[in-house]
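Student: I have a new structure to look at, and I would like to talk it through with you. Could we take it step by step?

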Number of protein chains: 2
Amino acid sequence: MTAAPARIGAASREAMAQWTSGLHDAVTAMFERLDGARFEEASWQRKGGGGGQARLLAEGKVFEKAGVNRALVEGILPPDAAARLGGNIPAGTTPHFFATGVSVVAHPRSPMVPTVHLNVRYFELSDADGNRHDAWYGGGTDLTPMHPFPEDAVHFHRVLKSACDKFNPAIFPAYKRWCDEYFRNTHRENEARGVGGIFFDHVRPDDAPFGFDAASLHRFVDSIGRVLEEAYAPLVERRRDLSYTERDKRLQLFRRSRYVEFNLLHDRGTLFGLQTGARTESVLMSMPPVAAWPAPVEPEPGSIEAQLAEMLVPRDWAAGS
Amino acid sequence: MTAAPARIGAASREAMAQWTSGLHDAVTAMFERLDGARFEEASWQRKGGGGGQARLLAEGKVFEKAGVNRALVEGILPPDAAARLGGNIPAGTTPHFFATGVSVVAHPRSPMVPTVHLNVRYFELSDADGNRHDAWYGGGTDLTPMHPFPEDAVHFHRVLKSACDKFNPAIFPAYKRWCDEYFRNTHRENEARGVGGIFFDHVRPDDAPFGFDAASLHRFVDSIGRVLEEAYAPLVERRRDLSYTERDKRLQLFRRSRYVEFNLLHDRGTLFGLQTGARTESVLMSMPPVAAWPAPVEPEPGSIEAQLAEMLVPRDWAAGS
């Protein structure tokens, strides 16, 4: 943590704005290439400062619903919100904030293609005089298969491991564990939302974790923002033309209900967005197009339902299934 | 509020247990008569004391999914839970609790038939020596139409008003307003979950509101527990054989997503149940069998979508639409 606060710079904020804007376009282009359909964009303004561009691809060929959103918001936080966010700012200081990020949730039509989520974000706390008191990155990406293909989880984790290892081999195990701990339906006996990936928050340039300096940390987060090209696109290409049954589709709709439950009951980003006046439709673009809560049944041993449930137990996917 | 705490009595708890058991059977019988299909019952035990009987009717003729649950739970509350519940017990006292209630959520297959929710419950706080420090009733019932039939809302509210007026004409306006205030998706510009009904909580025999004594208050809550026979069953009989279109069904699936959002983001009973170790499947039996989050579209003026949204603005339904 810095002893003396640095001045916030208009130039660095402009650079951050350009960063998320470029990332937003790159991710959008990847999903449009995979699907063939185009996103529609809705711009929104936030009361109090900033806004965003919500891009939605609905009823595509491959994606039943995919959202690729960018936000750049700034303003003043409620007194206790800075602490709730885990940010450091002296008591009695009015917390000014600046945040920008890109969020992706893609729900494929076919149950054979896994659902994916990705988010990268930068957050800054400052005072009314323009002194910066805290700054950090957060983000990650995780995969939620709707059909039991263990090799897809292996591929996803291996690409993430390789992306992390370029910076420091200690990163992947730490952020992988963080992901496994975070994406849990605690009300469902800790069942995981999917097969995990990586998750990180409050990663501060000033703390220099894993030997990062400000520039290499930014490059790392940017590389995670672009990792779906290698981690996810090949899975879509491998699975999108497979045929599937009514039963496969039912399993997908059932698993999606657990996705809804996690996002509305436990996801900090969702709850923070809804509480701080972000655009509800953008925050909830993560909701699946259709989800089902059927009567509970114990899956038969060896069935696809049981195999998929078994895949939700965290393990070292990068080492092979 | 009592000055000197009364002793809790085994006889009165047994009477409460019999009350919710009889109510549970009566409500179950009504839904079985309306549908023709039978409920399946799953019994569950709560770690720490008590349990429940969860009855589920899945894939019925009229009801795609209906849950009629009873719970009788007792034990020791976490230190701050008594206060969070709104209960009174001296500081430093270990709060023992006893609670029993019946909960109903019915999701009809046809979008022409409205969804209904009902709950009645009794709650008691005591200390380790068996002194009762607080006791109250809570409950209510509300209607969520999936198709714009204003006359159904009028019927539902008139029956509730009449049931309340038998005890005191001041009850219905107060509990109707409480319902309108409670069932709101605050993250959706305060859109109501449905057309309301009545809602009440912390109604204490010792406070004698509306001139109630302990016996008449119990009779009132019991009459609300049985009110669907007159308030809801006629609506099912009036609507269940109507034909409907794909568009009607889409509107139902869309409205159900707002039902999911309310229950997981805002409903105190749902969140309390999930946090205190009730059986998750019983707490979440309120989830609709299928729900949809389509791409947002502004409904055309005069369309069924616009008419239904218009019905969600609270009004004096009992006076006519």
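Student: At roughly what angle do the axes of helix H8 and helix H11 of chain B cross?
Tutor: Happy to start there! Helices here are DSSP runs of H or I with at least four residues, strands are E runs of at least two, and both are numbered from the N terminus. An axis is a line fitted to C-alpha atoms, for helices over the stretch in contact, and angles run from 0 to 180 degrees between N-to-C directions. Helix H8 (residues 246–265) and helix H11 (residues 304–311) of chain B have axes that come within 11 Å, and they cross at roughly 35°.

Student: Before we go on, what kind of model is this, and how is it numbered?
Tutor: Residues are numbered from 1 along each chain as its sequence is written, while chains are lettered from A and ligands numbered from 1 in the order in which they are written. Side-chain values use heavy atoms, leaving out hydrogens and water, and local features need pLDDT of at least 70, side-chain atom pairs count only at pLDDT 80 or more, and totals for chains, interfaces and linings use all residues, since this is a predicted model.

Student: Is the crossing of H8(B) and H11(B) left-handed or right-handed?
Tutor: Picture one helix lying over the other. A crossing is left-handed if the near helix is turned anticlockwise from the far one by less than a right angle, and right-handed if clockwise. For H8(B) and H11(B), the crossing is right-handed.

Student: How many charged residues are in the contact of H8(B) with H11(B)?
Tutor: Contact means heavy atoms within 4.5 Å. H8(B) brings B:Arg247, B:Asp248, B:Leu251 and B:Arg255, and H11(B) brings B:Ile304, B:Glu305 and B:Leu308. Asp, Glu, Lys and Arg count as charged, Ala, Val, Leu, Ile, Met, Phe, Trp, Tyr, Cys and Pro as nonpolar, and the others, Gly among them, as polar. By class there are three nonpolar residues, no polar ones, and charged residues numbering four.

Student: Which residues of H11(A) are buried?
Tutor: Buried means under 20% relative accessible area, exposed over 50%, and partly exposed in between (1.4 Å probe, protein chains only). The cover over the buried residues of H11(A) includes helix H3 (150–165) and H8 of chain A. The buried residues themselves are A:Ile304, A:Ala306, A:Leu308 and A:Met311.

Student: Which residues of chain A lose the most area to chain B?
Tutor: In this pairing, 25 residues of chain A touch 25 residues of chain B. The chains bury about 2,100 Å² between them, 68% of it on carbon and sulfur atoms. Of what the chain A side buries, 27% together belongs to the residues losing the most: A:Leu264, A:Glu281 and A:Trp293.

Student: Is A:Glu59 buried or exposed?
Tutor: A:Glu59 is found in the loop between strand E3 (50–58) and strand E4 (63–76) of chain A. Its phi is near 55°, a positive value in a residue other than glycine. With a relative accessible area of 57%, A:Glu59 is exposed.

Student: And what distance separates the C-alpha atoms of A:Asp241 and A:Val62?
Tutor: A:Asp241 is in the loop between helix H7 (233–239) and H8 of chain A. A:Asp241 and A:Val62 are 179 residues apart along the chain, and their C-alpha atoms are separated by 9.1 Å.

Technical notes:
Buried area = accessible area lost by both parts, 1.4 Å probe.
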